[in-house]
Amino acid sequence: MAQVEATTERIIGADAETVFDALADYTGTRGKLLPEHFSEYEVREGGDGEGTLVHWKLQATSKRVRDCLLEVTEPTDGQLVEKDRNSSMVTTWTVTPAGEGKSKAVVTTVWNGAGGIGGFFERTFAPKGLGRIYDAVLANLATEVEG
């Protein structure tokens, strides 16, 4: 099994603290940022960053739906890590200052891919598909906090 990785980033016209707080707000803002690929969104514990347990279904393709139960940690300032209890998937959100009144948000998801020909297609296509999904989340985040 090879590790599969998808990364996307965006410069957002708001300071890093504002952007991070919006991402860490699982009970309020986060649910509003999710595109149609996400369903059954539910905060089960906590709701603000570290200690949050959140559930959603992620439909990456017409046939592939992941049932995700994510534990949220904040290992360093400006970083949220979501570890899926149901798979090897780990998503890391990193927000850093990027000049006056701007920040850079980077989201990276890694997981252990399948082997064989299925794994080849997963490593080839899944990062692009997941990148598009997270591009939409970051665009929604920018709309939410800029302004």
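This is a predicted model: local features need pLDDT of at least 70, side-chain atom pairs count only at pLDDT 80 or more; totals for chains, interfaces and linings use all residues.

Guide: Happy to. One term before we start: a helix here is a DSSP run of H or I at least four residues long, and helices are numbered from the N terminus.

Visitor: Is Thr29 buried or exposed?

Guide: Buried means under 20% relative accessible area. Thr29 has a relative accessible area of 11%, so it counts as buried. Leaving aside residues up to four places away in sequence, Thr29 touches Ala22 and Glu144.

Visitor: Now the strands. What is the order of the strands in the open sheet?

Guide: Reading across, the order is β1-β7-β6-β5-β4-β3-β2, seven strands with antiparallel pairing. The edges belong to β1 (3-12) and β2 (38-45); each has a single partner strand, so one side of each lacks a neighbour in the sheet. On average, neighbouring strands are turned by 20° against each other, ignoring direction.

Visitor: And which helices pack against those strands?

Guide: Let's take two. Helix α1 (residues 16-24) packs on the sheet and touches β1, β5 (79-84), β6 (90-97) and β7 (103-112). The direction of α1 makes about 155° with that of β6. Helix α3 (residues 116-145) lies across β1, β2, β3, β4, β6 and β7, and runs at about 25° to β1.

Visitor: Can we zoom in on a pair of strands? Over how many bridges do β3 and β4 pair?

Guide: Strand β3 (residues 53-59) and strand β4 (residues 65-73) pair over seven bridges, in the antiparallel sense. Five residues sit between them, and the two strands form a hairpin. To see who faces whom, look at Trp56, which stands opposite Cys68 in β4, and at Leu58, which stands opposite Arg66 in β4. As a general idea, side chains in a regular strand alternate between the two faces of the sheet.

Visitor: What does β4 do on its way to β5?

Guide: β4 and β5 also form a hairpin with five residues between them. Their antiparallel pairing runs over four bridges, and Glu71 has Lys83 in β5 as its bridge partner. In the turn, Gly78 has a positive phi of about 80°.

Visitor: What should I make of a positive phi?

Guide: Most residues other than glycine have a negative phi. Now compare Glu40: this residue is not a glycine, yet its phi is positive, about 55°. Glu40 is in strand β2, and with 48% relative accessibility it counts as partly exposed.

Visitor: How do I find the core?

Guide: The general idea is that in soluble globular proteins, nonpolar side chains tend to be buried together. Here the largest nonpolar core has 35 residues, and those touching the most other members are Ile12, Phe38, Trp56, Leu80, Trp93 and Leu141. At least two residues come from each of β1, α1, β3, β4, β6, β7 and α3. The biggest contributor is α3, with eight residues.

Visitor: Which residues does Ile12 touch?

Guide: Not counting residues up to four places away in sequence, the contacts of Ile12 include Val19, Ala105, Leu138, Leu141 and Val145.

Visitor: Last stop, the pockets. What is the volume of the largest pocket?

Guide: Rolling a probe the size of a water molecule over the atoms shows where empty space is left. In this model the largest pocket has a volume of about 340 Å³. It is lined by 16 residues, with Ala60, Thr61, Arg64, Trp111 and Ala126 closest to its centre. Both β4 and α3 supply at least two residues of the lining, and α3 gives the most, with eight.

Key: Residues are numbered from 1 along each chain as its sequence is written. Side-chain values use heavy atoms; hydrogens and water are left out. Two strands pair if DSSP finds at least two bridges between them. Axes are lines fitted to C-alpha atoms, for helices over the stretch in contact, and angles run from 0 to 180 degrees between N-to-C directions. Contact means heavy atoms within 4.5 Å. A nonpolar core is a set of buried Ala, Val, Leu, Ile, Met, Phe, Trp, Tyr and Cys residues joined through side-chain atoms within 4.5 Å. Buried means under 20% relative accessible area, exposed over 50%, partly exposed in between (1.4 Å probe, protein chains only). On a 1 Å grid over the protein atoms alone, a cavity is a set of points where a 1.4 Å probe fits but cannot get out, and a pocket is an open set with protein on both sides within 12 Å along at least five of seven lines; lining residues have an atom within 4 Å of a point. Grid points are joined across faces, edges and corners, and a volume is the space filled by probe spheres set on the points.
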